[in-house]
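Look at the sequence and the structure first, then read the points below.

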Amino acid sequence: MPNNQPEKLSGASLDIAAENLRRLKQLFPSVFTETVDDNGIPTESIDFEKLKAELGTFSDLFESRRERYGMDWPGKKEALRLIQQRSHATLKPCREESVDFDTTGNLFIEGDNLEVLKLLQTSYYGRVKMIYIDPPYNTGNEFIYPDNYSESLDTYLEYAGLKDSEGRKFSTNSPNEGRFHTKWLNMMYPRLYLARNLLRDDGVIFISIDDNEVSNLRKMCDEIFGEENQLGAFVWKRRQNPDSRNQSNVSIDHEYVVAYSKTPSSQLHGTLIDTSKYQNPDNDPRGPWASIDLSGLATKEQRPNLHFDIVDPTTRVSYSPNPNRGWSKSPQVVNKMIAEGRILFPKSPDGRPREKKFLKDLKSNITGFSSWLNSNSVGFTTNGTREVTKLFSNKTFDFPKPSSLIGLLLQQSTDANDIILDFFAGSATTAHAVLELNKQDNGSRKFILVQLPEPCSPDSEAFKAGYRTIADIGKERIRRVIEKLGTEEEGRLDLDESSSQGRGFKVLKLGRSNFRKWQYLDPSISPEEILEELRLHVDHIDPNASAEDLLYEILLKAGLTLVEPVETVTLAGSRLFSVAGGELLVSLEDRMTKELIDAVVEAEPKQFICLDAAFHGNDQLKANTVQAFNARNMQEEQADHILFRTV
Ligand SMILES: C[S@@+](CC[C@H](N)C(=O)[O-])C[C@H]1O[C@@H](n2cnc3c(N)ncnc32)[C@H](O)[C@@H]1O
């Protein structure tokens, strides 16, 4: 919670241990816990077992240890383990489903968000300004995607019908199943943990949730983000008319948007103060002013010094305060204000003096952003439904959020060039809100959306309209919003072409690595199968992979974003991909030559990546290549080094 007290300047030198603790807490807030010392006094301490787990070393966590304050549930250890398990999957570009593939900065990723969040860690670590998610609320009716701890990519491929079967059905999470909260917590914990890594230090996450899981979510977020980074739980009134179906006669009309920051350094933009009440009817040279109540909040017994009479020096009329409240300022301050002409005396002796407060003296023109999200401006769930129904001409998606709700959160937490992530995208309301806000303030915010290809039920309107999965609905919504915004701008002479730029989006789909050596080797496979795998390793690239598939996998694993500009260039007669204005050169040629290496060194990229197989076992040529880069790097400053890697 923000503290409005100034920090005390310390006279002592840096407390090294305290500073180390502070840094450790910033890196691993979840390992800080509360224990009780020998005198029964609660103290903050480090859960070293958990710290070990964060660093990849597991012991019999949560067993045989002192009782401590914190949140546990069955499967938490596995959830932590799952975070550490590295993904070897890839994201395959899909040009035909994208809009402005080559120029857009926006991404729509189809896949299970756990795998996708893992894959984004290298390229997007610390780059996202705002995350908004609207996960399943665990009402018992939605399905919770089952993470198979041993191989989540396989689970996904089966689910999406990309492996063996026609798509495996997973049932909904029903309260009768027993492990009701557990399953939800196990699903959310690793995702939130990985999401935090993607946030910038001044980044913020907003999570929509209702009463079913709000208390668990807040406890879990306290652990993952650190209690001190809790910004608030905003309340949104989602329904306009009371619900008469509840047996208890309580109509739950609201839900929450729980907000956390990555570090205490981030803040929301706040709300502009309404300055319309500041006017200047008497032409005061000090400018516009407002008449403000001078009453205090304390009785005479509580604050005797704030109970005194104020005398108008011109009329000598004396005014006593409200006996229950007194004044808000001391006699000395009031006398000074009278001398400066900053007290307004009433026309009648029955009135009370007020403060003449000048606009120029306001310390800030910003006040706090209320935790009460006003539905008059934000809208209700019905507004979200109407919005989607209007775009699709039928009710294509159940309970989408109104884009104005996410728009408001975007206004509070992002600036024109920020990256926004939503990894439970549904009908892509977040993309809609980003595109609308960019249009309003001429911004170029970029979105990354992740959505599972969850099948639409065959009796849904969406299915009848031809949409097979929720991901298909999301993609189509973005296309329709882009078209709508373009149409609205048609004929507007005040806009140039740049206003509609950046409205496209690139579709990528989660899939198996294109490089066999990165594919998962199931430990239970037979010796014959291992031999077959080894044989395949000789040519370790998937024969069905396109050059673009390989390029995107390389970008992802080399830590470049998936929206860098890509060109093809010709060096020494070979075609190469030049990424991010030549920062990275990628060769997918199947034969490396000395001429090509020399040309690459000459071109001075920051990084050069080529296929290992392109050396065809010629270790001499490979060693010479390494030497050629080393020799070039020896002559240059550290910062100009070329990194040479093979795949
Ligand atoms: C409540 S909806 C989001 C609605 C969205 N805010 C809107 O306005 O349209 C949650 C979505 O998360 C998706 N989802 C659930 N598990 C997922 C997973 N493991 N990976 C990606 N998406 C998932 C579901 O398919 C569902 O569409």
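In this predicted model, the protein chain contains 18 helices and 24 strands. The chain is 647 residues long, and 46% of those residues are buried. The points below cover the chain as a whole and then the ligand.

**The chain as a whole**

- Among contacts in the protein chain with a separation of 6 or more, 71% are between residues 24 or more positions apart.
- The protein chain has an accessible surface of about 33,600 Å².
- Carbon and sulfur atoms account for 49% of that accessible surface.

**Residues around the ligand**

- There are 19 residues around the ligand.
- Those that come nearest are Asp134, Ser427, Thr429, Gln451 and Glu454.
- Sorted by class, the shell around the ligand consists of 8 nonpolar, 6 polar and 5 charged residues.

**Polar contacts and cover of the ligand**

- Thr429, one of the residues that come nearest to the ligand, has a polar side-chain atom 2.5 Å from an oxygen atom of the ligand.
- Arg191 also uses its side chain: one of its polar atoms lies 3.5 Å from a nitrogen atom of the ligand.
- With Asn113, the backbone takes part, as a polar backbone atom of this residue is 2.9 Å from a nitrogen atom of the ligand.
- On its own, the ligand has 600 Å² of accessible area, and the protein covers 92% of that area.

Methods
Residues are numbered from 1 along each chain as its sequence is written. This is a predicted model: local features need pLDDT of at least 70, side-chain atom pairs count only at pLDDT 80 or more; totals for chains, interfaces and linings use all residues. Side-chain values use heavy atoms; hydrogens and water are left out. Helices (H or I, at least four residues) and strands (E, at least two) are DSSP runs, numbered from the N terminus. Buried means under 20% relative accessible area, exposed over 50%, partly exposed in between (1.4 Å probe, protein chains only). Contact means heavy atoms within 4.5 Å. Accessible areas come from the Shrake-Rupley method with a 1.4 Å probe; for residues, only the protein chains shown count as cover. A residue is near a molecule or strand if one of its heavy atoms lies within 4 Å of it. A polar contact is a pair of N or O atoms within 3.5 Å; within protein, one must be able to donate a hydrogen and the other to accept it, and residues adjacent in sequence count only if both atoms are side-chain atoms. Ala, Val, Leu, Ile, Met, Phe, Trp, Tyr, Cys and Pro count as nonpolar, Asp, Glu, Lys and Arg as charged, and the others, Gly among them, as polar.
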